[in-house]
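Reader: I would like to learn how to read strands and sheets in a model. Please take me through an example.

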Amino acid sequence: MRRTFLRGKCMILLLSVLLTGCGKTTAGSVGESDRFTARSIIFDCYSESGILYEKDGILCFVDYATGEDVVLCTKPNCVHVPYSAVNNPDPYCDAALPWDDIIETMIYGDRLYALVTNFDSTFVYEKGVSESEWKEFAEIPYSYYQAVKWIACNDRIYYVANQITQQEETLELKDAIFLAYVDLTDGTYGSLTDIHEDIGIISILYVDEKNLYYEMGYELDVAAPENEGQVYRMNLETRESEPVFQIEENKRFAGMCGENLYYVENGELRRVDAEGADESVYNIPETNFDVRAAASGFLLQYYLRDAEKFIDLYLDYESGEIKEMERTGTEGPVADIVGENVLVFGEAIQVIRLTDFLAGKDNYIAQHEIP
Ligand SMILES: [Zn+2]
């Protein structure tokens, strides 16, 4: 019964992603570096070394190296009592998150970070994985946009910030979202895009060694077609952005590497090269599909209704080759790619190295309950 329920939940999650076409929230990696962390669309924090998650106010970690799921507490004989402003305002437990406000936690290398927002401002705290005390690291005069992806790489957190203002007459709260960063070496921060109240969405798509890709769209008229927006490429060194792809009805971004850009239009996966030559590289027989990007390529998945199976294509940027893999409906679809790890939906989220996944092996290195 439980099995069926979970499977149903996975399918609903996947289908909602497929149907709304917002599965472009994908992640890549920073080459050899093990310092890469992202919040996946399935929540929590997935890093190159493991999964950081919070359970009832207690911080836990699934370690890929050992497969173990541990509470991040080093105190002897601790029973891990969470923080409570009334009953436990000064928790003994290292893993208890000592805040009432909205918290986003992440691991980057061997440091833990907590972004705590009260809507007006965001405090960033940090500590070593085995330390007890959180130290204040930065105070930022705006909030962050929850439930969207953030990425930490290149010693910075990139996230969608939110400046919330109250309208004088109506007292209505108005969001103004923008792409922002916090530097993890010195606590400096700033905005990376203009702050306009009419920006409706910003989605961080993925990063490769040099660039971060994101999609930005303006609040739309009812008459305007859905999915209209622009994909930008931001140089991680200079932090300058340039538009690389205009999203239109039936025209979706798939991935980009160097000057080769991939997109899907009318059931065709197409590639545009540096010279502007535009050619079809694959036909997609279904209208619902989903794209997950990594640094080395991207995975495009769709459900073949007649045959009742999932098809996964992986396009490798370097060779330009497409590898096609089939899955039966009972095997989990890929939920996300974080760095060089693939997150697969099953009974739980299962983690597998991208190379093993592409080789058809089932060497799962860790698993984590679906939040
Ligand atoms: Zn404890």
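Author: This is a predicted model, in which local features need pLDDT of at least 70 and side-chain atom pairs count only at pLDDT 80 or more, while totals for chains, interfaces and linings use all residues. Residues are numbered from 1 along each chain as its sequence is written.

Reader: How many helices and strands are there in the protein?

Author: Helices (H or I, at least four residues) and strands (E, at least two) are DSSP runs, numbered from the N terminus. The protein has 2 helices and 30 strands.

Reader: Which order do the strands of the open sheet of 4 strands have?

Author: Two strands pair if DSSP finds at least two bridges between them. The order here is 19-20-21-22, and the pairing is antiparallel. Strand 19 (251-257) and strand 22 (278-283) each have a single partner strand, so one side of each lacks a neighbour in the sheet. Inside the sheet, 5 bridges pair strand 20 (residues 260-265) with strand 21 (residues 268-272) in the antiparallel sense. Y263 has R270 in strand 21 as its bridge partner.

Reader: What do strand 8 and strand 9 form?

Author: They form a hairpin, with 6 residues between them. Strand 8 (residues 122-128) runs antiparallel to strand 9, joined by 5 bridges. Y125 has E136 in strand 9 as its bridge partner.
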